[in-house]
Structures are given as C-alpha cells and as structure tokens.
Amino acid sequence: MATETAPGKMATWLEDAKGEVQDAPIGYGRMKRKEDARFIRGKGNYLDDVRLPGMVHGAILRSPYGHARILSIDTSKALAHPKVAAVVIAKDLETLGLAWMPTISYDTQAVLAGDKVRFHMQEVAFVVALDAYSAQDALALIEVEYEVLPAIVNARKAMDADAPLIRDDKVGQTNNLASPTWEAGDKAATDRVFAEADTIVTRDIIDPRVHPSPMETCGMVADMNPETGQLNIYNGNQAPHAHRTVYAQVAGLPEHRIRILCNDIGGGFGNKVPVYPGYVCAIAGSIVAGAPVKWIEDRSENLVSTGFARDYIMQSQMCAKGGKITGLRVDVLADHGAFDSTAQPTKFPAGFFHIVTGSYDLDAAHCTVTAVYTNKAPGGVAYRCSFRITEAVYLVERMVEALAWEMNVDPIELRMRSFIRPEQFPYETATGWTYDSGDYHKTMKVAMEIAGYDQLRQEQQEKAAKGEIMGIGIAFFTEGVGAGPRKHMDILGLAMNDGADLRVHPSGKAVVSISAQTQGQGHETTFAQIVAEELGISPNDITVRHGDTDKTPYGLGTYGSRSTPVSGGAVAVVSRKVRDKARLIAARMLETRPEDLAWEKGRWYVRGDQSKGAAIEDIAEYSYSGSPMPEGLEGGLDAQAVYDPPNLTYPYGAYIAVVDIDPGTGHVHCRRFIAVDDCGVRINPMVVDGQIHGGLTEGVGQALMELISFDEQGNCVNASFMDYLLPTALECPEFELGETVTPCPHHPIGAKGVGESPCVGSPPCITNAVIDGLRVHTQGRVRHMDMPCNPARTWAAMQGNAAPPQ
Amino acid sequence: MLVSMSINGQTHSHDVEPRMLLVHYIREMAELHGTHWGCDTSNCGICVVLMDGDPIKSCTTLAAMAEGHEITTVEGLEKNGVLDPIQQGFHEMHALQCGFCTPGMMVTGRALIDQHPNPTQMTDYEIREAISGGLCRCTGYVNIVKAIRWAAAYEAAAATGGN
C-alpha cells in the first residue's frame, strides 16, 4: 500500500516522471490522486481555458430591481458599438422558441425577461461582442425603462391577501403558492403520541438562504456549427447527460447532435446542477452570431442569480415520554424564489426532507411542506446535500438538543436512549424510509472518546465560573444518499441510474467510462481503484473517462453523494461482468470447465492446483488474439452495465463541536471539531478524509458566516465575497476525524456516499454548540438562535434578542 | 499602451488597454492559463501570483502596474522537469481537490517558505494566516497546511544532504 513519502526522501511522483511505477494499492487503500499531475502544474482545463477559433464573448444585462414591469428596451446604442456582434432580448428568443425554459421542477423560467423582472439581477438582455471587455461596455449602452413594483422578500408575507402576484405569467395562478402543500408521515398517530407525551418543545427554526459558491463560477462556451447543425457545449456541470437531454427538449435539437464536454470543473456543490438562462443565451447567441460564444458569469452574478440553497422556515414540535424521544411534527414554509427550480427527484417535491426523523426510533412523525414564490432568485439546489436532507438534519438535531435541555438530560444521553438500535436494521422510519444498516451507539461512543466529552463538560463549568463562554454541541445525522431506485426516483422522467463501460485492452490496461461527473471528488483515482479491486489491474493502468457525452454511457451525474453509491456500483458491476467473461475465456485457455476455476485478485486458477491459472492480462491478450473463443462468446474483453440501486445508502456520523464565544463581541471561535463518520467501506481513505474536511468547512461557513439576504426593495445585499462570507483557514479548526465501518448490505462493494455527510452534520452541531454556550452563560435563559451565528447575531441572542435571519 | 513584464523569467510585451487587469494579461496575452480568476474583489485569492516574490491578487492589479516587474505564476514553479517541493507537497498531502484555487495557494505557500526565517519552525497559525487571503471550498485547508509544511521539511532535508 502506498504511504506518504517521508520528507527528505525521493518523492514517488518524481519517480513517475522517470517512467518508474508508482507504489499504488491494487484496489482500495490510500493512493495519491492521478488527476493531481495536471492541476499542480497549472494545466487543468477549466471552462475559461477553452479557446475556439472565431470565438466571441457574451455578457448579460441584469435587472436592478427585485420586481418591476419592463416598459421598453432600446438596444440600438449597444448594437452600434463597433465590437458588438449581436444583442438578444426576450422577443428575439421568442422567434427561436427559447424565451422560456422548463425548470427541474416542472415550472417555467424566463430565459430573458420580457414582461416583468421577478428578482434582483434577473437576466434581461444578452450581448455578444468580439471581446469580453467590449461586451461589458455594451451592457451599459442598453436602455431599459422599468415600472417598479412592490417586492416580496419574506416568505411569510407571500400569501398575504395584499401581496403582489409574482407569477402573473402562469395561467390560473392567483396567489404566490408555488406548489400544493406536500406531506409525509401519519398526522393522527403523531397527534396521539403528542397527547400522551411527558415533555414537548416547540421551536421556529430557520435554515436561512445560503449559496454553494464554487470557486469557479458558472458559464458556457456554445459552439453551434451552422453547416452541420452540430452543437458542442463546453460547460462545467454536474450532470452532463441530463443537461444534453434538456437542451434537446428545450431547443428542439436532435440529441445526437449535441455534445457536452465537461472538462475540469472548479467545484460544484449543487450550484452546477441546474440549467441556467445564461446557458440558453450562450446557445442562442451562437446560433445568432454564427460563431462559438463564451459566456462566464462574474462573482456577483453567481451569488445573486444562480441556485441558492435552503430558505426553509420550520415550525416544529418534538416530544418525549419515559425519557426517550417519541414524536416529531414540523410544518415548513419553503421560499422557492421567483421560479420553482428546486432540485430533487420528481416525485419528491420537498426532496428528501421527510427523512426528518433522523437517527431516532420514533413512535410517529408528520411533516408538511408549503412552497411559495418570492421576488428572490430561483434555486433550491442541494448545497453539498442530498435533496433537503441538510434542512431535515438541521431541524431534528436542533430539536433533540432543545428537548434534552428541556428535560434536563444530557443531549448525548437522550440520543443514546432514542437511537435506532443495531438489531432494528433494516429499519422502517415513521415517514417511510428503509435505513439499511448502522450501529449508532458505537459511533457516538467513538466521538465521545475522541472529544473527551465528560472532561469538556467539566471544563465548560470551570470556564463559566470565570465568566468565559464555552459551548459544546452535538449532532448525530443519518443521510440517505445515492438516488436512486428507478421504481421510485426520476428527474424529468429520467431514471436516476448510472452507466459504466469497461474495456480491457490486449495488454491488460483498461479504460472505464462513467456517467458521474467529478468536480474535484477524485473520480479518476477512486473509480480506477474499484476496477483494480475487482480485476487485480493496477489503478495506474486504468484510465477513467468522463465528461464527454459522446464518449461515456448515459447517467444522471454527480450530486446528492451519488457518485460512489450509483456510479461506483455500476463500475463494480461492469468489472464483475468482465471478470465473468474472463472466466469463460480462461477455462478455454486452461482446457477446463469455468466452474472448476476459482478467482484470486488478478487471475483465474484451477481449483486444487493454484499453479495452473491465467492472469487477467493474459486472458485479455488471448481474447483479442486469433485463438478460438469459447462457443458463443465474442472476442475482446469488455462489458457495459447500468446500475439501478435497490435502495439509497444511509451513511451516518457523530459530531461534536467545541466553541468559545467572546462575551464582549459575540465572536464565535470553533476551537475543536470531532467528526466520526460511518460511510461503509472506504475505497481511498485519503480521499474520504479530504471530502470530510471540505464538507465540515462548508458547515462552519453556514453555521457562523453565510447568509444571502435582501432589503425591503428586493435587492440582494450579499453580492460579493465582501458581503457573503466564506471561511478561510483562520476560521476553521484542525478537524479531528474518526471512523466506524458498517458496510452497506445492498451495495456491490459495501460503500455509502460521504461527500455531503460532513456538510449535513456540522451546521446543527456548531449551532448547538453556540446555543449551549449562551444557555450556560445566561443560566438557561437563552435557548434558541438561528444561523448564521455571526458576532452581531450571537451578541443579540446573548442579550435575549435573537432575531430570525432576514 | 505598451506593457512589458517578466513572467517566469520570460519577457512579455503587449499593447493593451490601460484598464486591462493583470490576471487577464497573464491569461490572454501571455497565454498562461494556470492562473485562475475567482471574485473581482480581492477576497478569494484564486488569482494570486508573485510579483517580485510577494503574493499579489492579479484580479485587482492592473497589468500596467506590473510594468518592469518579475511575475511568477504556477507555470514557473517546475524547473527543468522537476517539480517544486510545494507542488510535490500538495500532491503528497492531498491538498487539492478541484484544483481551481491550487495555483494561488501554491505560490502563496512558496512565498511563505521563501520569506520565513526558519521554514521548518513555522507555526500552524503562521501558515493559516499566510493562506487566509485565499478561499478553498474543497479541502478545509487542513491538508494545505500540511502540504506547505511538507515542502519546508523537504527543502530543509535536501539542503542538509538528507536526500
């Protein structure tokens, strides 16, 4: 197994450059990443690195208002600019049939606003110019006359009788309801459980609007060839095959003439799941200009107009009887912005929010979700999250903590009493999920041990006596990731399955093509390791191909931690198909029957005579040679697979945070963070730990810093990284990681997803820690605050003036 | 206006608009795509390059301000086919995932080691403060700190013949 190169020793990667073989595990284990080679040299190929002959540049004019009627648009001065090739507005798109586009949630969204602008920085006009600076200049030459309308930026006011109607474009729409109230669980049973309860806590908990903010913003290079009708799209997105299908439907283009090329992507985190108006503009611009068009949004455009996350107002009650949690009910008011483009499987209008019972064996639960339109940007994407599970876990973990202090029970003790027990798996939850596996008590204990939990509580008391504020927060999450089984889950009618295509070449080297789309997750390494584990070929001899819809099998991409659960399943299955074919060929080579052969990593051998066997590379060579194949078997050593997961996988984890709060300023410092994750079998522990580090950091940001907010006129006031704060190295603690391994019983390699778990578990953990600190400091008077726990909000909460984020 | 500068030891001279940003000069004129752009407001550090050895944000520096200066970008780290220890350290310690912030982080780490009186004795706080002008959404910074430390240790060992 590869190990870290000790400082001072010759580095393995330099040895590679000389053509020597890197020490790599033939299968799972720590292995340095293959994709690093180009990135550390500055040779990645991101969207802005794409250069095509004759390429021109696009820019978008955006609305300065949250809600306004468009009275007129005059583009004549912009068109007179010597370097402007085209200016496109809504009426031009109407002639192409592209003025409106469907969203992921069966709503429609204006590509360019024609009648009204419905959110701040909505797209109004698209300029194509010879260079990027001139395109920006031309935006200033477009004159738009607006009649400003009152804006709704507070979901609680969206259904007021006097609220302005935002979606007057929708036939029959008479109010700002975005979708009918959706519910899960058993209301009557839940009412009975609450009636019999010993203790009930009630909280209004807000998971505020935030933004995934990948470091590379969104954009596209659209290249429509007028002679051939071939449309090549360069675009960093998380689901290239699904995007291709959507473009075929929206633009009426034949799907086989659309090719999407996702090269390297500078982060996604859910932000690069949707199709944005700018993409359609770039395609339209290329059609109109007859040249490739590059459009890349700036940071403000990314923050203000592209997919936000959360924005859930959750009224909740949790109850206990006999010292354990028995019931939960929650009514959610969801703010979907001006167009409903929330990202989730079609049959789940509130995503997987109804996993809200968390890790607990409850008698009953019930939840409702009501979604409204507001004059805010559309989105509702899963920011490092599996379809609203982040909101669900935030809610349940905040409620458990609140209930524990109400009962005067240690919050870990209440969790331990209420956890689903190991022998209850597979476990049917009160809202209809089937959790696959787990030993929650064990994982919680590992976290307590790393943290030194009892000593921490003691330290907290000692500090409190000196007037210092120290808070300890807990979260125990269960996620459901890897959507999903085709009988339950689709997006726009597309089953949430993934394909894999594996070709072993005559020399025994292989190429595996996958439909998952890395945005930094390390697929080129870990998927090679899956093939290596199954076939015994070195991962260095396996190329993972992705990001080109012409050359990879169909599948729904990478989000909701689905890469390993779904695409990883496909890669394992396709490897086993190749192994099975290799067995038939080996039997022919060894002049025996397939059933007389046994497998050890890398070769089939004759049972009872291990010396007689055929290695996979010899089998590969034979399969392409002139030698006779077994009866009925085609030559070559390759296979295809489409993996339909039988269930989601259910990773879980126990997190403990320690914070220090400045009593004078309200500044919160996250001093320690202990994360014990159980994601089943770990393919590459180094990559898993890296995913956890990153997810925890995004959780630190959401808990302490991040908020997308609006003024009363509808202006987004977090339009740059000066106002939308993300954690730097100084805000993040040295994360302390631990692990337990409970293999997923239904996954081909026993793995569960992990990318999003840390971002799901950490926001409630840190928020609980802040509230815990304030609770102790105020002798129990302060028992609630909402994220983000920035200094101003924390200080206000400390004074007893906690306010909802707005 | 004519703007000349040295980038990775090579002289570049181009007639550009006075408003052209250094990041665009590097990417479009010098055609070095390893330096990325991230935010426009000096907050994210994606665009960091070295000017005369000091890290600067090239998205808020005009190309004209670099006139006559020595610029080092990520492409200037590897010499004669041998990676700079900072590049090796990022690979060894898994200090990159999507790779977009990596060039800025690596040159920042390079400058920190070059300017620190005793690189093997750098505190975590010193390293974290040095990279706090940059944002990374993938790594949580833990492994970036380790990577910079790895490079410092590697260089110290190499200097004493410990290779």
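These legends go through a two-chain predicted model, one close-up at a time.

This is a predicted model, so local features need pLDDT of at least 70 and side-chain atom pairs count only at pLDDT 80 or more, while totals for chains, interfaces and linings use all residues. Residues are numbered from 1 along each chain as its sequence is written, and chains are lettered from A and ligands numbered from 1 in the order in which they are written.

**View 1. Chain A as a whole.**
Chain A has 806 residues, and 60% of them count as buried (buried means 20 or more other C-beta atoms within 10 Å of the residue's own, exposed means 12 or fewer, and partly exposed is in between, with C-beta atoms placed from the backbone). Its secondary structure comes to 19 helices and 32 strands (DSSP runs numbered from the N terminus, with at least four residues of H or I for a helix and at least two of E for a strand). The C-alpha atoms fill a box of roughly 80 × 75 × 60 Å along the principal axes. The radius of gyration is 28 Å, which agrees with the value near 28 Å that a compact globule of 806 residues would have (taken over C-alpha atoms; the globule rule is 2.2 Å times the number of residues to the power 0.38). Looking at contacts in chain A with a separation of 6 or more, 79% are between residues 24 or more positions apart (a contact means C-beta atoms, placed from the backbone, within 7 Å).

**View 2. A three-stranded open sheet in chain A.**
Here 3 strands of chain A line up in the order S6-S2-S8, with antiparallel pairing (strands pair if DSSP finds at least two bridges between them). The edges are strand S6 (116–117) and strand S8 (143–148) of chain A, each pairing on one side only. For a landmark, find Ile70(A), which sits opposite Tyr146(A) in S8(A). In a regular strand the side chains alternate between the two faces of the sheet.

Strand S27 (residues 603–606) and strand S28 (residues 609–615) of chain A run antiparallel to each other, paired over 4 bridges. They make a hairpin with 2 residues between them, and Gly608(A) in the turn has a positive phi of about 90°. Across the pair, Tyr605(A) stands opposite Gly613(A) in S28(A).

**View 3. Chain B as a whole.**
Chain B comes to 5 helices and 5 strands, running β-β-α-β-β-β-α-α-α-α from the N terminus on. Its radius of gyration is 16 Å, close to the 15 Å from the globule rule for 163 residues, so chain B is as compact as a globular protein of that length. The C-alpha trace spans about 50 × 35 × 25 Å along its principal axes. Of the 163 residues of chain B, 58% count as buried. For contacts in chain B with a separation of 6 or more, residues 24 or more positions apart account for 60%.

Chain B splits into domain 1 (2–76) and domain 2 (85–158), with bounds from an automatic or database domain assignment. The domain centres, taken over C-alpha atoms, are 21 Å apart.

**View 4. The face that chain B turns to chain A.**
In this view, 52 residues of chain B are in contact with 54 residues of chain A. On the chain B side, helix H2 (85–92), helix H3 (102–115), helix H4 (124–130) and helix H5 (142–159) each supply at least two residues. H5(B) gives the most, with 7 residues. By class, this side of chain B has 23 nonpolar, 21 polar and 8 charged residues.

**View 5. Around Ser4(B).**
Ser4(B) lies in strand S1 (residues 2–7) of chain B. It counts as partly exposed because it has 13 C-beta neighbours inside 10 Å. Leaving aside neighbours within four places in sequence, Ser4(B) is in contact with Thr11(B), His12(B), Ser13(B), Glu67(B) and Gly68(B). Gly134(B) is 130 residues away from Ser4(B) along the chain, and their C-alpha atoms are separated by 27 Å.

Key: Contact = placed C-beta atoms within 7 Å. Nonpolar A, V, L, I, M, F, W, Y, C, P; charged D, E, K, R; others polar.
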